[in-house]
Each structure stands twice: as C-alpha cells, then as structure tokens.
Amino acid sequence: MTQPLTHFDAQGQAHMVDVAAKPDTHRIARAGGTIRMQPATLALIAQGSAKKGDVIGIARIAAIQAAKRTAELIPLCHPLPLTRVAVEFRLDDAASAVHVEVQAETVGRTGVEMEALTAVQVALLTIYDMCKAADRGMVMDDVRLLEKQGGKSGHWVADAG
C-alpha cells in the first residue's frame, strides 16, 4: 500500500507537516554515502597531505554544521534541537573510496533522517571540494538512509546492499 505524501495538503499545496500532536520521543537516524576517487587522491587524504589540509577533519566539521542547518536548506524541514551528531569515515583502499556514516539524534516530534542525509552529502561535497585540484573525476554515490528509530513508525533498517 502506498502512503500519501505528507508534505501536500488536501488541495495539493505544499505545506510544513503539523507535528504539534505528536509526542516527544528519542529519535535516531543513520545515513551513509561514498566518494570514489583515484588511488593517488585517496593516498593524499590518508597521508594528510592534501593541498588544503586535513580533509577528513574538515569534512567532519562540515557534516556536523550541515546537520544543524538542514532546515535552512530543505524548505519544508522542521528546525530540530539536535542532541548528537556523530560522523565516521572509513578509507577503503580496495575501492579507492571514502565511506562516510552519520548518526543524528534528537528528542522531539519529528525524525532526523534529513539531518543525517544532509550531513552525509555535505561531508562528501567537502571531500570533493578539498581534493578537486588533484582529481575532478571523483564520484559521490550510495547516499541513503541506513536506519531510523523513534516515533510512530518505529524502527526501520535498510535492506543490505
């Protein structure tokens, strides 16, 4: 059964979803994504010798900042009081890639999926920006929600893949 799109009213007009009647619950979302690059570019990141500095450190701060500013970027998102944003990176020599995973948390009336997803994408964009002088052919992909907990819809985990 297909669920209705919640960001449209009965007349088909876009609106911000009313969450006033929902209870506050602890909400968690995990999202991930990947940026693939030339092996030499990955080596620059791993050695910390990229021209613009500590790529992973800057991408971590950018991801946290992006999570905090998601409502400014996504028009119908509610501003949320985030209680935690954790960002993890894994350098993958075999795939010549950097994988990023973000966990965002809040206690509130709406979920933090958009915050986690925005943080992942901005982390990947930051890596691209910091390494583009060495490798303009980097590819960002596999950005997706991995898991969410809390709220009326409960616990959801993405299919492996």
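I sorted the lining of the largest pocket by class and got nine nonpolar, eight polar and six charged residues. I'm working from a predicted model, by the way. That lining comes to 23 residues, and nearest the pocket's centre I found Thr6, Lys22, Thr110, Gly111 and Glu113. The space inside is about 730 Å³.

Which element gives the most to this lining? I looked, and H4 does, with three residues. Helix H4 (113-131) and strand S4 (139-149) each supply at least two.

Next, the second largest pocket. I got about 250 Å³ of space there. Its lining is made of 13 residues, with Gly32, Gly33, Thr34, His99 and Val100 nearest the centre. Strands S1 (25-36), S2 (82-92), S3 (97-108) and S4 each give two or more residues to that lining. By class I noted three nonpolar, five polar and five charged residues.

Then I turned to helix H1, residues 39-47. Which of its residues are buried? I found Thr41, Leu42 and Ile45. Looking down the axis of H1, I saw these buried residues fall within an arc of 100°, so they line one face of the helix.

On the face of H1 turned away from the buried side, I listed Pro39, Ala40, Ala46 and Gln47 as exposed. What covers the buried residues of H1? My list includes helix H2 (55-68), S2, S3 and H4.

Last entry: just after H1, I noted that Gly48 has a positive phi of about 70°.

Technical notes
Residues numbered from 1 in each chain as written. Predicted model: local features only at pLDDT ≥ 70, side-chain atom pairs only at ≥ 80, totals over all residues. Heavy atoms only, no water. 1 Å grid on protein atoms, 1.4 Å probe; cavity = no way out; pocket = protein on both sides within 12 Å on 5 of 7 lines; lining within 4 Å. Points joined across faces, edges and corners; volume = space filled by probe spheres on them. Helix = DSSP H or I, 4+ residues; strand = E, 2+ residues; numbered from the N terminus. Nonpolar A, V, L, I, M, F, W, Y, C, P; charged D, E, K, R; others polar. Buried < 20%, exposed > 50% of the residue type's maximum accessible area, 1.4 Å probe, protein only. Arc of directions from axis to C-beta. Contact = heavy atoms within 4.5 Å.
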